[in-house]
Amino acid sequence: MELKGRTALITGSAKGLGKRVALELARQGCSIVLNYNTSEREARTLQEELRQLGVRTEAIQADMTIPEEAERLAQEAEAWSGANGIDILINNAGPFIHERRLFSRYSREDIISLVNGNLLSVMLLDQLLLKGMRARRWGRIIHFGFGHAGEARSWPYRAVYAAAKTGLVSFTKTLAAEEAAYGITVNMICPGDIRGMNKERSIEEAVEEECEMQPGRPGTGEDVSRVIAFLCQCRSDYLTGNLIDVNGGFDPIIVNRRNQSI
């Protein structure tokens, strides 16, 4: 198994894309630290499923919209992993407000929560876990964006989320440049419009279906997790500072702008 002996921390991994990534890395031999906020039942169920795959696993509650919680998560994950530390950090968690809302109508609390959860807590986790990765001269950090995040286009009704994620784009590229000499890669995955249970489904389960929003089949969690697993492999060390769109060629921002008015 490619990643046997490595330990991965995956934020927001009780369900959705994070769950699918946890299963993929476990199949590669990784020990897994799951993170959840309110979904304890789902996290415990997944923890048992991972144990059935023969890997060590732990589940830690922490709210990524609260910086102090992110710091506690890093400390507890490192303590659980022991001398080997956390080798792989998948920053999957990121709050998102589904309701279409003009920036002028966001509350102060909404703004702080979205920026903390999508940018500040990611930076804090990265910083806290970098020390161990540097000492071992090996590490893999994955950030999550959205399709075409690197272009920093306007995204009406998503102003705060988009600003936090596009800020994360610059941070991804900068951190990649700074840490390459230490054997640490930093990349961003930008999923397309993968909805509902498709986030946890396999490609095989979706291959015969049609997608309402674009030509071809709908995207799945396996599409995303396969790319992440590849980036985490030892011989993927030359791939760093990249933004990788996993979207089937679909551009949700353009479609949404055509169908909405402000």
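Which unit do β5, helix α5 and β6 make? Together, β5 (residues 139-144), helix α5 (residues 159-179) and β6 make a right-handed β-α-β unit. A crossover is called right-handed if, with the strands pointing away from the viewer, the path from the first strand over the helix to the second runs clockwise. The model is predicted, so local features need pLDDT of at least 70 and side-chain atom pairs count only at pLDDT 80 or more, while totals for chains, interfaces and linings use all residues. Residues are numbered from 1 along each chain as its sequence is written, and side-chain values use heavy atoms, with hydrogens and water left out.

The protein contains 8 helices and 7 strands; these are DSSP runs numbered from the N terminus (helices H or I, at least four residues; strands E, at least two). The radius of gyration is 18 Å, which agrees with the value near 18 Å for a compact globule of 262 residues. That radius is taken over C-alpha atoms, and the globule rule is 2.2 Å times the number of residues to the power 0.38. Along the principal axes, the C-alpha atoms fill a box of roughly 55 × 45 × 40 Å. Of the 262 residues, 52% count as buried (under 20% relative accessible area; exposed is over 50%, partly exposed in between; 1.4 Å probe, protein chains only). Contacts are heavy atoms within 4.5 Å; among those between residues at least 6 apart in sequence, 72% join residues at least 24 apart.

Strand β6 (residues 184-191) is largely enclosed by the rest of the structure, because 8 of its 8 residues are buried. In a regular strand the side chains alternate between the two faces of the sheet. In β6, Ile184, Val186, Met188 and Cys190 point one way, and Thr185, Asn187, Ile189 and Pro191 point the other way. Two strands are taken to pair if DSSP finds at least two bridges between them. β5 and β6 run parallel and are joined by 6 bridges, with His143 opposite Met188. β6 also pairs in the parallel sense with strand β7 (residues 243-246), over 4 bridges; here the partner of Cys190 is Asp245.

The largest nonpolar core has 35 residues. Such a core is a set of buried Ala, Val, Leu, Ile, Met, Phe, Trp, Tyr and Cys residues joined through side-chain atoms within 4.5 Å. Those with the most contacts inside this core are Leu9, Val33, Met64, Leu73, Leu89, Leu125 and Ile141. Helices α3 (67-81), α4 (108-136) and α5, along with β6, each supply at least two of its residues, and α5 gives the most, with 8. Another core, of 32 residues, lies apart from it and includes Ala14, Leu46, Leu50 and Phe144.

The structure holds 14 salt bridges, each a side-chain nitrogen of Lys or Arg within 4 Å of a carboxyl oxygen of Asp or Glu. Glu40 and Arg44 form one of them, with the closest N and O atoms 3.6 Å apart. These residues are separated by about one helical turn because they are 4 residues apart in helix α2 (residues 40-52). Glu40 is partly exposed at 40% relative accessibility, as is Arg44 at 36%. Arg153 and Glu151 meet in another salt bridge (3.3 Å, N to O). Asp193, partly exposed at 29%, meets Arg195 at 2.8 Å, N to O. Salt bridges that share partners join Arg6, Asp87 and Arg136 into one network.
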